[in-house]
Amino acid sequence: MKTKFGIKEVVATGIGVALFVVLTEIQVPLVIVPNTALQPRMAVLAFLSAVFGPLVGAIVGFLGHALGDALFYGSVWWSWVIPEIFVGVGVGLFVKKFAIKEGGFNGKSIVAFNIVQVIANAVAWIIVAPVLDIVIYAEPSNKVFAQGAFAFLGNAIIVAILGTLLGIGYSKIFAKSGSLEKEDAE
């Protein structure tokens with residue numbers, strides 16, 4: 001797989017990190033389990049990963065979450081930062097399958113996007129985050145696996161709704177603007 005990191009990817013990464021940080025404070029708490037919430041920033045992460053690939057996704061997830069934690073909460077909870085890399089890379093690996101840039105984000109590619117994001121979120125939040133919580137912070141396993149399960153559920157729902165809508169909108173806009181051809185001067 002050829003990984004390109006040009007100007008578009010640098011700009012997407014910068015905008016993505018900034019959006020992720022700004023959206024850190026926009027959350028709808030899941031009151032059933034403490035410290036879990038619906039977070040629209042996850043849709044931005046999945047969308048950018050699906051458009052620009054795994055490297056952009058990994059950087060946006062890692063830096064966005066770390067900076068957001070540092071700025072809004074005063075410390076970084078690394079066991080929840082690292083899983084963002086898994087989501088970004090997991091979704092980004094299938095960038096060609098989603099065909100968002102090509103204007104083909106519909107039907108099967110939307111289904112594929114949502115299957116991939118659910119799997120990536122499951123690995124990140126049901127496995128990686130709880131295990132890191134236990135290893136790094138010696139948190140009780142019953143607590144962190146419950147938090148992980150609800151974080152997975154919330155993230156999968158947010159990405160399925162907002163991430164899909166972002167993908168559809170971008171795909172339609174990009175397909176229209178990308179179909180313009182430069183005319184030769186006579």
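Buried, in these notes, means under 20% relative accessible area. I also need "contact", which means heavy atoms within 4.5 Å. One reminder to myself: this is a predicted model.

**Entry 1: helix 3**

I started with helix 3, which covers residues 54-73. I looked up its length and found 20 residues, reaching 27 Å from the first C-alpha to the last. That is close to the 28 Å expected at 1.5 Å a residue.

Next I asked which residues of helix 3 are buried. My list reads Pro54, Val56, Gly57, Ala58, Val60, Gly61, Gly64, His65, Ala66, Gly68 and Asp69. What do they pack against? I found helix 1 (7-22), helix 2 and helix 4 (78-92).

I peeked just past the end of helix 3 as well, where Gly74 takes a positive phi of about 85°.

**Entry 2: helix 2 against helix 3**

Two packed helices are described by the angle between their axes and the distance between the axes. Angles over 145 degrees count as roughly antiparallel, so helix 2 and helix 3 are roughly antiparallel to each other. The crossing of helix 2 past helix 3 is right-handed.

Who touches whom? From helix 2 I noted Arg41, Leu45, Leu48, Ser49 and Phe52, and they meet Pro54, Val56, Gly57, Val60, Gly61 and His65 of helix 3. Sorted by type, the residues of this contact come out as 6 nonpolar, 4 polar and 1 charged.

Most residues other than glycine have a negative phi.

Ala99 has a positive phi of about 55°, although it isn't a glycine. I found Ala99 in the loop between helix 5 (95-98) and helix 6 (107-137). Is Ala99 buried or exposed? Its relative accessible area is 17%, so Ala99 is buried.

Ala138 also isn't a glycine, and its phi is positive at about 55°. Ala138 sits in the loop between helix 6 and helix 7 (141-178). At 65% relative accessibility, I put Ala138 down as exposed.

**Entry 3: Ala149**

Last stop was Ala149, in helix 7. Its relative accessibility is 32%, so Ala149 counts as partly exposed. Which residues does Ala149 touch, leaving out those up to four places away in sequence? I got Trp125 and Ile126. I also checked Ala149 against Pro54: they are 95 residues apart along the chain, and their C-alpha atoms are separated by 24 Å.

Notes:
Residues are numbered from 1 along each chain as its sequence is written. This is a predicted model: local features need pLDDT of at least 70, side-chain atom pairs count only at pLDDT 80 or more; totals for chains, interfaces and linings use all residues. Side-chain values use heavy atoms; hydrogens and water are left out. Axes are lines fitted to C-alpha atoms, for helices over the stretch in contact, and angles run from 0 to 180 degrees between N-to-C directions. Helices (H or I, at least four residues) and strands (E, at least two) are DSSP runs, numbered from the N terminus. Angles under 35 degrees count as roughly parallel, over 145 as roughly antiparallel, 65 to 115 as roughly perpendicular and the rest as oblique. A crossing is left-handed if the near helix is turned anticlockwise from the far one by less than a right angle, and right-handed if clockwise. Ala, Val, Leu, Ile, Met, Phe, Trp, Tyr, Cys and Pro count as nonpolar, Asp, Glu, Lys and Arg as charged, and the others, Gly among them, as polar. The expected span of a helix is 1.5 Å times one less than its number of residues. Buried means under 20% relative accessible area, exposed over 50%, partly exposed in between (1.4 Å probe, protein chains only).
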